[in-house]
Amino acid sequence: MLNFAAIDFETANGNPCSVCSVGIVVVREGKVVEKFYKLIHPVPNYYSPSNVRVHGITKEDTDDADTFPEVWAEVCQLIEGLPLVAHFSRFDEGCLKAAFNRFEMTYPNYTFYCTCTASRRVFGRSLPNHRLPTVAGRCGYDLSRHHHALADAEACAAIALKIL
């Protein structure tokens, strides 16, 4: 796969529509051509302490951020016509569908590919686990900022270029 957009969301709480950041890496002809990162004012605007511990984003960070529809208006132009790739895509696709539903937007049925599933198929038991940092390291990418949406999308893109 030479043309795709790697995507990663972070959420404010356990509700999948509470996206508070998004990272996108656009790959064309096997080369990264664009990177996009944005904080998002989540709905509901409540931050679970456990989520904050994971990604470090707080309510104060996103109080003045754009809402999902405003951010997605920018994103949809970047990813137009591209399949989406995510590590454990069920989470990111679920967040995307939940946000579209919450804001009563028509979901365009994006095609998703999962680098976690691909990792299990390609590497099998040769890895201790198939978490994003482990698979990224196996593919030569040092994910030192795990749970930053752009860093995770970059890692996912690196994995996809190696194994998809």
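1. The largest nonpolar core has 25 residues, among which Trp72 and Leu96 touch the most other members; such a core is a set of buried Ala, Val, Leu, Ile, Met, Phe, Trp, Tyr and Cys residues joined through side-chain atoms within 4.5 Å, where buried means under 20% relative accessible area, exposed over 50% and partly exposed in between, with a 1.4 Å probe and protein chains only. At least two residues of this core come from each of strand E1 (4-11), strand E2 (19-28), helix H3 (68-79), strand E4 (84-86) and helix H4 (89-102), and H3 gives the largest share, six residues. Helices (H or I, at least four residues) and strands (E, at least two) are DSSP runs, numbered from the N terminus.

2. This is a predicted model, in which local features need pLDDT of at least 70 and side-chain atom pairs count only at pLDDT 80 or more, while totals for chains, interfaces and linings use all residues. Residues are numbered from 1 along each chain as its sequence is written, and side-chain values use heavy atoms, with hydrogens and water left out.

3. Leaving aside residues up to four places away in sequence, Trp72 touches Ile7, Phe9, Ile79, Leu96, Phe100, Met105 and Tyr110, contact being heavy atoms within 4.5 Å. A second, separate core of twelve residues includes Leu132, Val135, Ala136 and Cys139.

4. Eight aromatic pairs are found in a search of the whole structure; rings of Phe, Tyr and Trp (its six-membered ring) pair if their centres lie within 6.5 Å, and planes under 30 degrees apart count as stacked, over 60 as edge-to-face and the rest as tilted. Phe68 and Trp72 form a stacked pair, 5.5 Å centre to centre with 20 degrees between the planes, and both lie in helix H3, four residues apart. Because the ring centres of Phe68 and Phe100 are 5.7 Å apart and their planes stand at 70 degrees, this pair is edge-to-face. Ring pairs also link Phe9, Phe68, Trp72, Phe100, Phe103, Tyr107 and Tyr110 into a cluster.

5. Some backbone geometry deserves a check. The peptide bond from Val43 to Pro44 is cis, with omega near 0 degrees, and Pro44 is placed in the loop between strand E3 (31-39) and helix H1 (49-55). Phe88, in the loop between E4 and H4, has a positive phi near 60 degrees and is partly exposed at 36% relative accessibility. Glu104, in the loop between H4 and strand E5 (112-114), has a positive phi near 55 degrees and is exposed, with a relative accessible area of 75%.
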